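Please look at the sequence and the structure shown below, and keep both in view while reading the briefing that follows.

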Amino acid sequence: MHFDPWSPEFVAHPYDVYAELRRERPVGFYEPTGQWLVARHADVNTLLRDRRLGRSYLHVATHAEFGRPDDPEFQDPFWRVVRAGMLDVEPPVHTRLRRLVSKAFTPRMVEALRPKVARIAGELVDAFVERGGGNLIAEVAEPLPVTVIAEMLGVPEADRHLLRPWSADICGMYELNPSVEAQHTAVRAAQEFSDYLVGLARARRADPGDDLISALALVADEGDTLSEEELVGTCVLLLNAGHEATVNVTGNGWWSLFRNPAELERLRADHGLLPTAIEELMRWDTPLQMFERWVLEDISVGGVDIPRGSEVALLFGSANRDPEVFADPDRLDVGRTDNPHISFGAGIHFCLGAPLARIELAESFGALLRRAPKMELVTEPSWGPGYIIRGLRALEVRI
Ligand code: HEM
């Protein structure tokens with residue numbers, strides 16, 4: 001097998017190919033996407049922190065100057081939303097946008113949310129146990145982070161069912177070489193999501209609540225620190241990033257435990273291992289397999305020259321299995337302590353929600369370990385089509 005992000009076999013098990021890349025071709029050009037694949041932990045970690053690379057180049061160059069075509073006009077609604085969020089901009093705009101919301105996501109602030117997260121997780125798991133199990137992804141993994149982030153932002157309960165489909169459709173554009181149909185679906189979702197949030201923000205400005213959208217709407221009102229477009233971009237990013245990966249860590253994580261029954265038993269026998277187990281599950285089957293960066297100035301990586309205007313694809317899934325950094329990297333070890341995995345990224349775009357994600361995962365895994373100590377798999381799950389955002393379609397379990 002070789003690197004082929006469109007092949008279901010590769011998506012199901014990319015790790016042997018990664019091992020070969022790390023050994024034979026740690027930095028190499030990949031024709032089908034026109035990107036430089038970077039496979040080693042040291043290189044991925046360094047490049048994420050290197051300011052000669054960016055999530056975008058539009059703050060320093062035009063598409064034409066970077067030898068890229070203009071975005072097709074029909075994609076305008078999509079890019080307006082995405083490029084107004086902090087993830088797709090660089091300083092100084094990034095600094096300003098991140099600062100506006102970072103206070104709500106500090107470890108201290110989110111620790112105060114723990115009782116609420118624990119209550120929501122407990123209720124979901126109780127109902128799940130009462131039904132004797134079912135699809136763990138749809139019934140526990142998704143509703144927990146969606147409810148938490150929707151409550152933080154102040155999305156009314158009646159509208160929350162809209163968030164998952166909008167997010168999934170928007171994320172379709174992040175996969176490699178998305179089909180024209182996927183592009184249209186993403187554009188439509190971005191437009192609908194944006195219209196919805198404009199309406200919600202206006203309502204909150206008139207009648208503020210104790211939530212982030214109200215807080216941002218008031219900032220936007222004050223003048224030049226936040227435009228309406230940035231407000232919408234920020235909320236879309238928080239709502240999407242605030243649940244997508246957490247859902248997949250939960251699904252992939254339980255599937256990893258079922259595939260490693262001795263480690264599952266070890267964790268069941270000692271719930272004190274939960275904090276290291278969660279980090280290990282994020283490392284062992286990484287939910288976000290790749291992130292891209294634009295090369296803003298010529299660089300050299302592992303002796304390979306990469307010119308300005310190139311795009312690098314940082315293989316997080318590979319970095320997390322690098323034997324230079326992790327002892328016995330292919331082994332799932334729920335007690336692993338020396339675990340500098342890269343699943344939350346690094347550098348200025350380091351995951352803003354990492355402390356919140358850790359609380360959500362601890363509470364949902366904890367509740368399931370306590371209340372469903374004999375939970376078992378019903379059928380072998382199948383992987384969804386995504387490679388960059390990689391997760392299971394469903395995870396059917398019995399209690
Ligand atoms: C286990 C779950 C999660 C994983 C694995 C994850 C992973 C990541 C990664 C890898 C990045 C950096 C992307 C890059 O450098 O290109 C990122 C950024 C981000 N994440 Fe998360 N994330 C998770 C949960 C969350 C949650 C719960 C939130 C809630 C607010 C969140 C909000 C964000 C935001 C806003 C950014 C952009 C930060 C910036 O550009 O400065 N994430 N996340």
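**Iron site and cavities**

Cys351 is found in the loop that joins α17 (316–319) to α18 (354–371), where helices (H or I, at least four residues) and strands (E, at least two) are DSSP runs numbered from the N terminus. This is a predicted model, in which local features need pLDDT of at least 70 and side-chain atom pairs count only at pLDDT 80 or more, while totals for chains, interfaces and linings use all residues. Residues are numbered from 1 along each chain as its sequence is written, and side-chain values use heavy atoms, with hydrogens and water left out.

**Iron**

- The iron atom of the ligand has a single donor from the protein, namely Cys351 (SG), at 2.3 Å, a donor being an N, O or S atom within 2.8 Å of the metal (3.2 Å for Na, K and Ca), and sites may look incomplete because water is not among the atoms.

**Largest cavity**

- A cavity is a set of points, on a 1 Å grid over the protein atoms alone, where a 1.4 Å probe fits but cannot get out, and its lining residues have an atom within 4 Å of a point.
- The largest cavity holds about 60 Å³, a volume being the space filled by probe spheres set on the points, which are joined across faces, edges and corners.
- Its lining includes Arg293, Ile348 and His349, and α3 (41–49) and β3 (53–54) each supply at least two residues.

**Second largest cavity**

- The second largest cavity has a volume of about 30 Å³, and α18 gives the most to its lining, with three residues.
- Among the residues that line the second largest cavity are Glu360, Leu361 and Ser364.

Terms used. On a 1 Å grid over the protein atoms alone, a cavity is a set of points where a 1.4 Å probe fits but cannot get out, and a pocket is an open set with protein on both sides within 12 Å along at least five of seven lines; lining residues have an atom within 4 Å of a point.
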